[in-house]
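User: Hi! Could you walk me through some of the packing in this one? I have a few quick questions.

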Amino acid sequence: MTSSARIPITSSELGNLWMTYQEKTMIMRFLEYFLEHADNEGTKNLLQQYYERAGKSVEVVTSIFQEEGAVIPNGFTDEDVNKGVPKLFNFMYDLMYLHMMAKIDTNLYALYSTMSYRQDIRQFYKRLTAEAQETYDQTTQSLLEAGVLSRPPYVSMPKEVKYVNDKKYMTGINWFSNERSLNTIEISLIHHAIETNLTGMQLMIGFAQVANNQQVREHFIKGMELSKKVETSLGEFLRQDFIEPPATYAGKATDSTVAPFSDKIMLYITSLLTTFGLGSNALGGAFSLRTDLPSKMILLSKDILDFAKQGGKLMLKNGWMEEPPMIENRNDLTKR
């Protein structure tokens with residue numbers, strides 16, 4: 001710990017460290033389950049590496065909280081994972097899961113780094129970002145070599161610089177006229193959204209099969225349907241340009257109906273993925289100059305937001321939502 005450790009942590013650093021503790025303890029529980037069922041030595045090594053790094057990160061956050069006199073969050077514990085139950089996901093889903101989480105962590109910790117002011121915390125998030133990027137690189141290569149990951153479509157290379165001089169460039173598909181095709185920026189954002197959604201869809205299918213609480217199970221069924229809607233809606237934009245959306249033969253849910261995880265942790269990761277789904281849709285809408293694509297993403301975002309709210313209500317109802325640190329309530333403190 002550097003001399004900057006004597007400087008108190010700010011509210012944003014406290015909140016981000018608290019969120020990091022929640023997310024890392026969640027990942028550790030999922031990796032414990034995947035490690036139990038891992039049947040590929042290379043995959044097992046990757047899972048073990050990320051598991052150990054997550055454990056060290058939890059220790060760092062715990063140490064900072066102890067030095068600051070802050071209570072250690074509950075996060076997720078051994079009670080949230082059930083050992084010795086049948087496999088819920090088949091061939092290579094463990095690697096697909098880690099690939100998805102590495103994507104999320106790369107974005108999450110890069111953001112937290114820009115919201116940190118104390119030197120040791122900036123260095124902490126710099127390390128977490130680098131670890132997530134390394135894991136993304138490793139999992140991407142492994143999935144590509146196994147033929148599980150679909151590359152985005154190839155296009156002809158541009159031969160000259162062009163500027164837009166047609167107002168129709170910003171219009172969408174019109175079946176009665178020859179409107180422009182998708183540009184490569186739009187294709188990349190659609191491909192990314194569908195690729196991540198495919199992994200999340202299988203997660204929802206598995207969760208729907210094993211959830212113990214009936215309302216929670218119904219929520220995951222809605223998640224299945226929403227994932228399918230996102231995939232088909234965005235995939236249609238690619239199909240209109242004669243491009244097949246990304247797909248994979250691996251990582252499907254098995255027929256098990258025995259829960260390897262608590263309903264609490266399954267709702268938490270669903271909420272996390274939903275949040276990033278909203279972010280991806282906002283990014284896709286912002287970088288598209290076709291009116292139809294942002295319009296579709298806005299409609300999908302409304303459905304995703306409604307789904308997120310339902311999940312939050314379920315967590316509150318069951319007492320599973322741990323409260324983040326709060327700022328002092330001056331109104332209450334000044335009452336006599």
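User: Which helix does T106 lie in?
Analyst: T106 is part of helix α3. Keep in mind that this is a predicted model.

User: Is T106 buried or exposed?
Analyst: T106 is buried, because its relative accessibility is 18% and the cut-off for buried is under 20%.

User: And what is T106 in contact with, leaving aside its neighbours within four places in sequence?
Analyst: With those neighbours left out, T106 touches T129, A132 and Q133.

User: How do the axes of α3 and α4 cross?
Analyst: The axes of α3 (residues 93–114) and α4 (residues 119–145) come within 8 Å, with a crossing angle of roughly 155 degrees. The two helices are therefore roughly antiparallel. The crossing of α3 past α4 is left-handed.

User: Which residues of α3 and α4 meet there?
Analyst: On the α3 side they include L95, L98, A102, T106 and Y109, and on the α4 side they include Y125, L128, A132, Y136 and L143. By class, the contact of α3 with α4 has 12 nonpolar, nine polar and three charged residues.

User: Staying with α4, how far does that helix reach?
Analyst: α4 has 27 residues and reaches 39 Å from its first C-alpha to its last, close to the 39 Å expected at 1.5 Å a residue.

User: Which α4 residues are buried, and what covers them?
Analyst: Among the buried ones are I121, F124, L128, E131, A132 and L143. Their cover includes α1 (11–37), α2 (41–68) and α3. Just after α4 comes G147, with a positive phi of about 75 degrees.

User: You mentioned α2. How do α2 and α3 cross?
Analyst: Their axes come within 10 Å and cross at roughly 35 degrees. This crossing is left-handed. T43, L46, L47 and Y50 of α2 make the contact with D94, L95, L98 and D105 of α3. Those residues divide into five nonpolar, one polar and two charged.

User: Let's switch to loops. Where is M92 found, and what is its phi?
Analyst: M92 is found in the loop between α2 and α3. Its phi is near 70 degrees, a positive value in a residue other than glycine. M92 counts as buried because its relative accessibility is 15%.

User: What about F242, buried or exposed?
Analyst: F242 is exposed, at 79% relative accessibility. F242 lies in the loop between α6 and α7, and its phi is positive too, near 60 degrees.

User: Where is P260 found?
Analyst: P260 is in the loop between α6 (214–239) and α7 (263–286). P260 counts as buried, with 0% relative accessibility.

User: Last one: how many residues does α8 have, and how far does it reach?
Analyst: Helix α8 (residues 292–317) has 26 residues and spans 38 Å from first C-alpha to last, close to the 38 Å expected at 1.5 Å a residue. Its buried residues include L293, M297, L300, I304, F307 and L314. α8 is followed by G319, which has a positive phi near 70 degrees.

How values were computed:
Residues are numbered from 1 along each chain as its sequence is written. This is a predicted model: local features need pLDDT of at least 70, side-chain atom pairs count only at pLDDT 80 or more; totals for chains, interfaces and linings use all residues. Side-chain values use heavy atoms; hydrogens and water are left out. Helices (H or I, at least four residues) and strands (E, at least two) are DSSP runs, numbered from the N terminus. The expected span of a helix is 1.5 Å times one less than its number of residues. Buried means under 20% relative accessible area, exposed over 50%, partly exposed in between (1.4 Å probe, protein chains only). Axes are lines fitted to C-alpha atoms, for helices over the stretch in contact, and angles run from 0 to 180 degrees between N-to-C directions. Angles under 35 degrees count as roughly parallel, over 145 as roughly antiparallel, 65 to 115 as roughly perpendicular and the rest as oblique. A crossing is left-handed if the near helix is turned anticlockwise from the far one by less than a right angle, and right-handed if clockwise. Contact means heavy atoms within 4.5 Å. Ala, Val, Leu, Ile, Met, Phe, Trp, Tyr, Cys and Pro count as nonpolar, Asp, Glu, Lys and Arg as charged, and the others, Gly among them, as polar.
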